[in-house]
2 protein chains.
Amino acid sequence: MSVVNRTASVVVDTARSPHARLRALTVDAVRLDDEFWAPRIRLNREVTLPTQLELLERTGRLANFRKGAGKESGRFEGFYFNDTDVYKWLEAAAWTLATDPDPLLDRQVDEVIQVAADAQQPNGYLDNYYVAGDDEKRWTELYRTHELYCAGHLIQAAVAHHRATGKTTLLDVARRFADHICDVLGPAEEGKQPGTDGHPEIELALVELARETGDRRYLDQARYLLDVRGQGLAGGDEYRQDHKPYRELDAMVGHAVRIIYLNAGAADIYAETGDPTLLTTLERLWDNTTTKRMYLTGGLGARHDGEAFGDDYELPNARAYTETCAAIGSVMWNWRMLLLTGEARYADLMEWTLYNAFLPGLALNGREYFYVNPLADEGKHRRQPWFECSCCPPNIARTIASITGYFYTLSDAGIQVHLYGQGTAEIALPDGRTVRLRQQTRYPWDGDVAIEVDGEGDFTLSVRLPSWCEQGATIEINGEPASDHLQPGSYLPIQRNWSTGDVVRLHFPMPVTLIEAHPRIAEDTGRWAVTRGPLVYCVEQADHAGVDLNALVLTHGVSFMPEERPSFLGGTVVLTSSGWEERSAFDWDGRLYRSVDPTAEQELDTHQVPLTFIPYYAWANREPSAMRVWLGHD
Amino acid sequence: MSVVNRTASVVVDTARSPHARLRALTVDAVRLDDEFWAPRIRLNREVTLPTQLELLERTGRLANFRKGAGKESGRFEGFYFNDTDVYKWLEAAAWTLATDPDPLLDRQVDEVIQVAADAQQPNGYLDNYYVAGDDEKRWTELYRTHELYCAGHLIQAAVAHHRATGKTTLLDVARRFADHICDVLGPAEEGKQPGTDGHPEIELALVELARETGDRRYLDQARYLLDVRGQGLAGGDEYRQDHKPYRELDAMVGHAVRIIYLNAGAADIYAETGDPTLLTTLERLWDNTTTKRMYLTGGLGARHDGEAFGDDYELPNARAYTETCAAIGSVMWNWRMLLLTGEARYADLMEWTLYNAFLPGLALNGREYFYVNPLADEGKHRRQPWFECSCCPPNIARTIASITGYFYTLSDAGIQVHLYGQGTAEIALPDGRTVRLRQQTRYPWDGDVAIEVDGEGDFTLSVRLPSWCEQGATIEINGEPASDHLQPGSYLPIQRNWSTGDVVRLHFPMPVTLIEAHPRIAEDTGRWAVTRGPLVYCVEQADHAGVDLNALVLTHGVSFMPEERPSFLGGTVVLTSSGWEERSAFDWDGRLYRSVDPTAEQELDTHQVPLTFIPYYAWANREPSAMRVWLGHD
């Protein structure tokens with residue numbers, strides 16, 4: 001790593017990381033004009049960011065900074081991590097400035113940065129929970145009050161702002177605080193206070209700060225914070241992943257967002273250090289996640305109790321926790337794993353998580369949010385405009401604002417296409433030439449993608465063949481079928497001397513697919529879920545008036561018809577089908593359990609009913625209504 | 001209520017309660033010599049009580065009292081409710097002294113009482129968490145630190161000790177503290193501090209103290225504490241049932257033990273006041289419990305998160321919380337409802353809960369306990385000798401020690417038989433005569449019960465026809481069949497001029513019964529459970545080596561054979577049967593979800609396997625082993 005001075009707005013900068021295979025494009029290198037993401041990016045800019053800025057003021061989160069700066073009287077109010085909501089909003093605004101420069105937003109960002117800078121103490125310290133509260137307790141409650149977590153989000157926002165705008169106003173603040181942290185926390189033999197964070201986040205931020213500034217000290221500090229876990233410095237419990245050293249973790253345990261962010265940080269450290277014990281740990285934890293502890297949606301964290309991972313196969317539907325922030329963390333983690341390894345499984349899960357675990361957190365109106373994302377509900381769970389603990393809303397904003405950054409990567413060999421969506425990417429090749437790739441597609445509603453090349457160059461274009469596409473993709477290059485190695489869940493590398501007018505046509509068949517779950521997942525036994533392409537579907541009571549969703553049965557002869565509905569739920573493809581409503585003739589009223597005569601036929605009140613499946617991300621956008629992802633089958 | 005001075009060791013004394021239909025017998029009026037409860041009562045006396053007394057010392061719980069008394073230096077250690085473990089042990093020991101007088105135990109009890117008495121402050125206050133801790137915070141944290149809960153258990157222990165031994169040593173202590181509480185807490189207009197408890201328990205204790213002392217002031221205090229709920233004095237949240245007035249509760253919500261104990265207290269208040277709004281509330285909550293929020297076992301409290309009731313039908317098996325104390329609370333509540341109303345449904349649930357939700361909390365060795373009682377497990381959940389929060393072990397001890405008190409009741413009309421078990425009851429009739437009833441039975445293993453009368457009297461003997469006995473009981477009186485009104489879940493009243501040698505023979509058929517759950521209980525869909533008589537059964541991996549319990553399928557042709565095993569699991573009837581192990585031929589290794597082709601037959605690796613069902617209460621008494629109450633069916 002050497003000193004650099006760039007303003008390339010990439011999400012995770014592995015351009016000089018010795019142990020990463022891929023490097024990101026800047027968020028402004030890709031401009032989407034599709035039906036799916038482009039309207040959401042615009043909504044994020046026009047609705048989400050302004051309403052959140054107003055809420056940061058209205059809920060006292062900005063006032064806390066002014067109190068820290070001594071410009072307003074009173075004590076810090078709210079949760080001890082409330083500063084981070086301001087930082088995450090700043091990060092979201094920074095990415096937005098990169099893709100859609102806007103003088104008003106730029107000025108608002110400058111003003112908020114000034115508010116933050118004013119609160120910084122002479123020694124660099126910046127945490128209003130302490131400065132405007134129990135100031136004498138600084139650095140004494142690391143396990144509990146998210147002091148380093150707050151610092152981490154400050155640093156991430158600062159790096160994003162610097163990359164997006166070239167300004168160093170926030171970066172200078174972050175650096176001073178990071179320097180102070182490096183001075184204060186560390187090995188006792190260096191005369192420092194041993195410690196690490198109760199809520200990871202700063203690890204990945206410090207690595208990014210090291211990349212942005214070229215100062216390896218921040219990387220070393222991140223390594224220190226990771227390496228001392230398991231010594232009881234962060235509480236010593238599983239909840240905070242401090243019950244054993246990081247490299248000895250063999251399952252995803254404790255608070256979900258904590259361990260996922262920790263993994264993202266460990267991946268960033270690996271990118272710089274190549275420590276093989278980190279990669280094996282990351283791969284072990286990823287395997288545990290995906291084979292034992294993940295919802296069909298990609299959602300993570302089964303338990304309300306401790307916002308935590310449950311045991312293997314503990315994946316209740318109505319009581320799923322699946323915090324939106326955990327899905328965002330999963331995107332962050334998988335993005336880093338992808339950059340490290342170039343393996344398609346990480347891009348697969350990143351895409352799946354974006355559509356099915358992240359996006360449900362956001363209302364179609366752009367200003368209401370889920371914190372918790374159940375896979376079954378009775379119509380009581382509704383998105384809210386804000387939360388007392390409001391980590392998710394600005395986390396959603398920064399993810400949408402940077403989504404264009406996840407579509408492509410570069411390597412020395414060429415360009416990798418990870419996500420599909422209509423738009424144009426302008427990509428600087430290693431040899432200095434620029435090539436433009438245009439995706440023409442209606443993805444995710446349709447599996448046809450045409451990638452048109454504008455420019456010249458001899459490079460490998462690797463296109464992801466999504467693992468959901470089990471029927472097998474077909475590909476044509478300038479009209480010629482490419483038939484080799486079309487393995488779902490891999491990249492097809494197309495090496496060629498490309499020139500303007502070349503077209504790669506991808507066809508990913510999108511039949512409706514029925515999914516069954518591992519038999520150990522108790523609530524999914526005897527049930528099927530429905531997917532199409534990269535989307536998980538669900539049924540909502542709103543489309544099935546009078547039907548008991550618990551009595552719905554899909555039969556083995558079930559068929560589905562995709563139906564385009566441009567003005568429904570923000571524009572969608574619904575799946576129409578029919579099932580049977582098999583109500584038991586037994587009147588359960590007043591009974592929870594009853595004896596059954598196994599030799600008698602059960603009397604059923606059976607009707608065939610038309611069914612409409614909507615994308616899971618779109619549920620709860622109408623009147624309160626029961627919802628199911630998993631339905632019974634015969 | 002008038003001033004009385006009795007030492008009748010009854011569990012809940014409604015003898016003079018104007019709004020109770022039944023009154024309890026003393027715990028020593030019934031002496032069991034059956035195979036089931038008698039050995040457990042002996043084990044409680046010989047193993048449980050001595051080991052717990054040693055643990056009370058070893059874990060600092062007794063030391064906390066000595067610290068409070070100034071006889072030992074240092075601050076209070078452990079949870080703020082640790083005093084109650086001592087009180088519950090005292091209560092257990094008191095009931096034991098009533099049934100099985102023992103000079104050594106009597107002396108131990110006197111010594112522990114002295115330790116408690118020494119810690120009492122001059123004004124009557126007694127809570128070592130404050131006296132040996134933050135003493136200035138007395139009465140300032142009612143919502144949080146169980147100050148009144150501790151007082152409640154002191155009072156309950158004192159009443160039990162007085163009833164059992166006639167001694168007033170502990171009763172005097174309890175009364176002084178209760179007087180102090182009555183002086184301190186109450187309406188502001190009386191110059192007192194408004195407040196109520198964060199954890200109910202004292203309500204029922206105060207009513208019992210009023211009964212024991214004849215001092216109505218304690219009853220009034222209990223009413224006050226109940227009536228001010230919902231005003232935010234106990235935190236204002238649902239967790240502590242302080243979000244709305246008690247009489248407005250329409251579902252079992254929040255911390256399970258709290259609301260159940262509160263209901264028991266409300267029932268006691270109703271017994272004295274006849275306030276009809278209390279009875280309707282209690283019946284409404286009982287209906288919600290039994291029709292929406294109860295496990296098949298009678299276990300209560302679905303959520304680990306907050307040790308709480310879940311939503312309607314939220315009843316996960318492996319993640320069931322079903323705290324043993326909640327089952328004990330349910331016995332307490334149902335016992336009171338039974339005393340109030342004489343309705344069989346409460347005795348039914350009390351019996352079912354004793355066998356299937358309470359008893360699983362206790363190991364067969366009498367010295368290990370479950371706090372949490374899942375209905376499915378992978379062999380990881382094991383009983384422990386003690387807990388940091390050790391509410392359950394001494395709660396179990398006091399319940400076993402008083403179990404004989406729940407078998408019969410008296411009314412002006414005669415005697416009611418609620419529980420079955422071989423033994424002899426000596427009952428003083430209202431007319432002053434004494435009659436002895438002897439039950440000859442192998443219940444719960446066998447449904448034949450002979451009740452032999454020894455004595456003379458014209459009274460009604462009401463025998464409970466358990467609701468589980470759906471096939472219908474048959475009854476003979478002196479060899480003559482009684483055929484009328486044999487409705488399961490009711491009492492058959494037998495009015496007669498009884499004389500020595502009269503015999504009532506009850507026959508309760510005990511076929512093995514398959515149970516299905518309400519379709520809204522997501523984890524039980526497509527599953528059956530197995531019961532016989534009053535017992536819920538389960539399968540344990542220990543009896544099914546190499547079989548995947550998740551792949552077990554009971555078929556509609558399934559049959560069961562009860563098999564007596566006198567030396568197995570403390571003596572039991574197991575149910576042998578056979579089922580099918582239907583392993584999917586699909587190798588799930590590395591997959592959580594997969595697409596299914598609905599038109600293809602699923603390939604199954606199917607074997608018939610012999611099955612052994614054991615009573616659920618006996619699980620986890622061998623090597624660690626997976627367990628299931630609910631099994632799949634075809």
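Colleague: What makes the contact between Asp305(B) and Arg319(A) a salt bridge?

Modeller: This is a predicted model, and in it the closest N and O atoms of Asp305(B) and Arg319(A) are 3.9 Å apart. The criterion asks for a side-chain nitrogen of Lys or Arg within 4 Å of a carboxyl oxygen of Asp or Glu, so a pair at 3.9 Å qualifies. Between chain B and chain A the count of salt bridges is 8.

Colleague: How many residues make up the contact between chain B and chain A, and what area is buried there?

Modeller: Chain B contributes 47 residues and chain A contributes 47 residues, and the area buried between the two chains is about 4000 Å², with carbon and sulfur atoms giving 55% of that area. On the chain B side, Glu516(B), Leu592(B) and Tyr593(B) lose the most area to chain A, together 19% of what that side buries.

Colleague: Why is the relation between chain A and chain B called a two-fold axis?

Modeller: Chain B is superposed on chain A by a rotation of 180° with 0.1 Å of shift along the axis, at an RMSD of 0.1 Å. That is the relation of a two-fold axis. The same surface serves both copies, since 100% of the contact residues of chain B recur in chain A.

Colleague: Turning to the interior, what makes you say that α8(A) is largely enclosed by the rest of the structure?

Modeller: Buried means under 20% relative accessible area, and 12 of the 12 residues of α8(A) are buried, so the helix is largely enclosed. Its buried residues, among them Glu203(A), Glu208(A), Arg211(A) and Glu212(A), pack against α6, α7, α9, α10 and α12 of chain A. The helix covers residues 202–213 and reaches 16 Å from its first C-alpha to its last, close to the 16 Å expected at 1.5 Å a residue. Just after α8(A), Gly214(A) takes a positive phi of about 75°.

Colleague: Is Val629(A), which lies in a loop, buried or exposed?

Modeller: Val629(A) lies in the loop between β22 and β23 of chain A, but its relative accessibility is 2%, under the 20% limit, so Val629(A) counts as buried. Leaving aside its neighbours within four places in sequence, Val629(A) is in contact with residues including Leu296(A), Leu375(A), Trp528(A), Tyr537(A) and Tyr616(A). Val629(A) and Pro374(A) are 255 residues apart in sequence, and their C-alpha atoms are 9.3 Å apart in space.

Colleague: How do you know that β7(B) and β8(B) pair, and in which sense do they run?

Modeller: At least two bridges are needed for a pair, and β7(B) and β8(B) share 6 in the antiparallel sense, so the two strands pair. They form a hairpin with 6 residues between them. Within this pairing Gln439(B) stands opposite Ile451(B), and Ile451(B) also stands opposite Val504(B) in β13(B), a strand joined to β8(B) by 5 bridges and running antiparallel to it.

Colleague: What partners does β5(A) have, and in which sense does each pair run?

Modeller: With β4(A), 3 bridges join β5(A) in an antiparallel pair, where Tyr408(A) has Val417(A) as its bridge partner and the hairpin leaves 3 residues between the strands. With β9(A), β5(A) is joined by 4 bridges in a parallel pair, in which Gly414(A) stands opposite Thr460(A).

Definitions and conventions: Residues numbered from 1 in each chain as written. Chains lettered and ligands numbered in written order. Predicted model: local features only at pLDDT ≥ 70, side-chain atom pairs only at ≥ 80, totals over all residues. Heavy atoms only, no water. Least-squares fit on C-alpha atoms with pLDDT ≥ 70 in both. Contact = heavy atoms within 4.5 Å. Expected span 1.5 Å × (residues − 1). Buried < 20%, exposed > 50% of the residue type's maximum accessible area, 1.4 Å probe, protein only. Buried area = accessible area lost by both parts, 1.4 Å probe.
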